[in-house]
Amino acid sequence: MKHLLLIFSAIILFQPLRAQDKDSLMSTQLFGEALNSNVAYQQLFQLCSIAPGRLAGTPESAIAIDFMFNLMKSMPFDTVYKQPCMVRKWIRGNEEEAWFTTDGDNKTNINIDVLGGSVPTPEKGILAPVIVFSSIEEMQKANPATIKGKIVYFNRPMNQNYYITFRAYGENASMRVYGADEASKFGAIAVVVRSLNTATDTFPHTGIMRYKTSDVRIPGFAVSTADADVLDKAIAENPGLKIYLKCSCIEYAQVQSYNVIGEIKGSVFPARYISVGGHLDSWFNSSGAHDDGGGCIQSLEVARLFFVLGYKPQNTIRVVMFIDEEMEQRGGRAYANNAIANGEKHVFALESDRGVTTPTGFSIDASESVLQKMELWKKYFEAYGIRVFEKGGSGVDVGFLKQAGVPLAGLVTESQRYFEFHHSANDTWQNVNRREMQLGSAAMALLIYLVDQHGLDK
Ligand SMILES: [Zn+2]
């Protein structure tokens, strides 16, 4: 009887698995390995510890690039290399100073950060009266004489009514990006924006600002939401109050930087590529755990999961750490330009850059038939809370591959907390949850595996 049982189970064991069973087994294995492992979480800790504030072109970014290169070299990738590109080198300089005064004697300090790409203030700083607007459009309707010589303060809180917080971010970001450029045309001498933060706290949130059409370049700053509330109250009581602002950022000549790339050579189609990545750079005020060290480490974890589970991909898998997403996206551009120039066939590219909170699904930038095919795979993700496969944008870096017709996707995560961290000193490793991040790693690995196994053609 015992022998019969053994023979019976041997027959079951050695029956070739149907494709569907194989895929569902892979799903269980990927999520199991990811959720039980501490490796990626510790790698993220290391990255955030040794290279916080790793804006492209800075010494910190060079440390991050070497760290990722050596980390990849320590893993069984077939090739690890750096892909050069020129990047802007803008440095924050000394920490900013800011306060307001209602009587010229008493000063109330406020927490501000300079915006990325800003010009510096004069060395002695700027002290000027303030005028408040809730949008660029509102400012443009104002009498220019009321703006001349003042600091324009764009004070519009993020709209809290939306479920997806990215929507509120999208609505407010133009004040940060173009506010100073527009205000200088009315004679303003600096711009302060309320931080794009859904919480009320003392962390200023920076981000890129751009000079587009103005002749005079004026500096831009972000004030924390808690300090913005204090300032609002003070302005309501003393409309004539003055704000002091000082920053010392410097723009240097462009320098060479790199994307860091690890390849697992395809066992069947070595000349077909599937890319997965995040961006390695982060803002000067941030250790860039959620944005986007976590996305980088999740991408690396895709490869580690394949190595550990002994999965040999059919297509060549490229794990890409893109540089310079925050400023000029030179890494993403260089990657796509190289792929196109070399005539590479890209099957698919995936990015994680929406914070490494709990994943909810994928945003897919591809044809209807690709979307339909991916939706058939939903069943392998649903047990882990990943249920949304919808058409939408992918990621800024992989987005440049769109011109080559490459199907793209971005990992979508729960957005309620993201803008409490985004572009601020609050974006720390401690604010990343290991399980949430690893659910994302496994989801990415599973999607890459399914594309590798079944392709994206009908
Ligand atoms: Zn990012």
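Predicted model: local features only at pLDDT ≥ 70, side-chain atom pairs only at ≥ 80, totals over all residues.
**View 1. Nonpolar cores.** The largest nonpolar core has 83 residues, and A443, A445, L446 and I448 touch the most other members. Helix 12 (residues 434-454) gives the most to this core, with twelve residues. Apart from this core lies another, of 39 residues, including A98, L115, I131 and Y153. A nonpolar core is a set of buried Ala, Val, Leu, Ile, Met, Phe, Trp, Tyr and Cys residues joined through C-beta atoms within 7 Å. A residue is buried if 20 or more other C-beta atoms lie within 10 Å of its own, exposed if 12 or fewer, and partly exposed in between, with C-beta atoms placed from the backbone. Helices (H or I, at least four residues) and strands (E, at least two) are DSSP runs, numbered from the N terminus. Leaving aside neighbours within four places in sequence, A443 is in contact (C-beta atoms, placed from the backbone, within 7 Å) with P359, F381, Y384, I386 and L411.

**View 2. Helix 2 against helix 12.** The axes of helix 2 (residues 19-36) and helix 12 come within 8 Å and cross at roughly 150 degrees. Helix 2 is therefore roughly antiparallel to helix 12; angles under 35 degrees count as roughly parallel, over 145 as roughly antiparallel, 65 to 115 as roughly perpendicular and the rest as oblique. Axes are lines fitted to C-alpha atoms, for helices over the stretch in contact, and angles run from 0 to 180 degrees between N-to-C directions. A crossing is right-handed if the near helix is turned clockwise from the far one by less than a right angle, and left-handed if anticlockwise. Among the residues making the contact are D23, M26 and F31 of helix 2 and R435, A445 and Y449 of helix 12.

**View 3. Helix 3 against helix 4.** Helix 3 (residues 39-50) and helix 4 pack at an angle of about 155 degrees, with axes 9 Å apart. The two helices are therefore roughly antiparallel to each other, and their crossing is right-handed. Q43, L47 and I50 of helix 3 meet I63, A64, F67 and L71 of helix 4.

View 4. Eight strands form an open sheet in the order 1-10-12-11-13-16-14-15, with mixed pairing; two strands pair if DSSP finds at least two bridges between them. Strand 1 (79-91) and strand 15 (388-391) are the edge strands, each pairing on one side only. The twist averages 20 degrees from one strand to the next. Helix 4 (residues 59-73) packs on the sheet, touching strand 1, strand 10 and strand 12 (315-322), and its direction makes about 10 degrees with that of strand 10.

**View 5. Strand 10 and its partners.** Strand 1 and strand 10 (residues 250-264) run antiparallel and are joined by twelve bridges. C85 stands opposite S257, and K82 has V260 as its bridge partner. Five bridges join strand 10 to strand 12, also antiparallel, with I261 opposite V320.

Key
Residues numbered from 1 in each chain as written. Contact = placed C-beta atoms within 7 Å.
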